[in-house]
Amino acid sequence: LINVGRQWRKPRTPAEQVKWFYVRLLQLGAERGAPRPPGVTPYGHQSTLIGQFSGCDNEVRTMTEAYVQARYAEAEIGEETVHEVHEAWKKIRTIGH
């Protein structure tokens, strides 16, 4: 779910979906003792997340890059990217719990 004003709804666009998965990654990292400090960029936090999710280096990179493109570059995000991010998230979540 994403916050839209005072309402919550499922992410609809590919960019919203990528952002949703990245937020889940940050939440899982925080649960494991590695919250993203204020002012640290997604790229700056990437190495910390890689350290938290051993064996998921490529997955963390995939999710970080897609998030940066969706959030900051406002690039067009395709369904293939969403699929890659979802697959990366599934692997990280399996290892993370």
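Guide: Welcome! The expected span of a helix is 1.5 Å times one less than its number of residues. Keep that in mind as we look at this predicted model.

Visitor: What span does α3 reach from its first C-alpha to its last?
Guide: Helix α3 covers residues 57-71 and has 15 residues. At 1.5 Å a residue, a span of 21 Å is expected, and the helix comes close to that. From first C-alpha to last, α3 reaches 21 Å.

Visitor: In what pattern do the helices and strands follow one another along the chain?
Guide: The chain has four helices and two strands. Read along the sequence, they give the pattern β-β-α-α-α-α.

Visitor: What percentage of the residues count as buried?
Guide: A residue is buried when its relative accessible area is under 20%. Across the 97 residues of the chain, the buried share is 37%.

Visitor: Is α2 roughly parallel or roughly antiparallel to α3?
Guide: Packed helices are described by the angle and the distance between their axes. Here the axes of α2 (residues 42-52) and α3 come within 10 Å and cross at roughly 160°. That angle makes the two helices roughly antiparallel.

Visitor: Which residues of α3 make the contact with α2?
Guide: The passage of α2 by α3 is a right-handed crossing. On the α2 side, the contact is made by Pro-42, Tyr-43, Gln-46, Leu-49 and Ile-50. Their partners in α3 are Asp-57, Val-60, Arg-61, Thr-64, Glu-65, Tyr-67 and Val-68.

Visitor: How does α1 lie relative to α2, and which hand does the crossing have?
Guide: The axes of α1 and α2 come within 11 Å and cross at roughly 50°. That angle makes α1 oblique to α2. The crossing itself is left-handed.

Visitor: Where is Gly-33, and what distance separates its C-alpha from that of Gln-52?
Guide: Gly-33 sits in the loop between α1 and α2. With a relative accessibility of 59%, Gly-33 counts as exposed. Gly-33 and Gln-52 are 19 residues apart along the chain, and their C-alpha atoms are separated by 8.5 Å.

Visitor: How many residues apart in sequence are the parts tied together by Lys-91 and Glu-59?
Guide: The side chains of Lys-91 and Glu-59 form a salt bridge, at 3.4 Å from N to O. Lys-91 lies in helix α4 (residues 79-96) and Glu-59 in helix α3, so the pair ties together parts whose separation in sequence is 32 residues.

Note on methods:
Residues numbered from 1 in each chain as written. Predicted model: local features only at pLDDT ≥ 70, side-chain atom pairs only at ≥ 80, totals over all residues. Heavy atoms only, no water. Salt bridge = Lys/Arg side-chain N within 4 Å of Asp/Glu carboxyl O. Axes fitted to C-alpha atoms, helices over the stretch in contact; angles between N-to-C directions. Parallel < 35°, antiparallel > 145°, perpendicular 65-115°, else oblique. Left-handed = near helix turned anticlockwise from the far one by under 90°. Contact = heavy atoms within 4.5 Å. Buried < 20%, exposed > 50% of the residue type's maximum accessible area, 1.4 Å probe, protein only.
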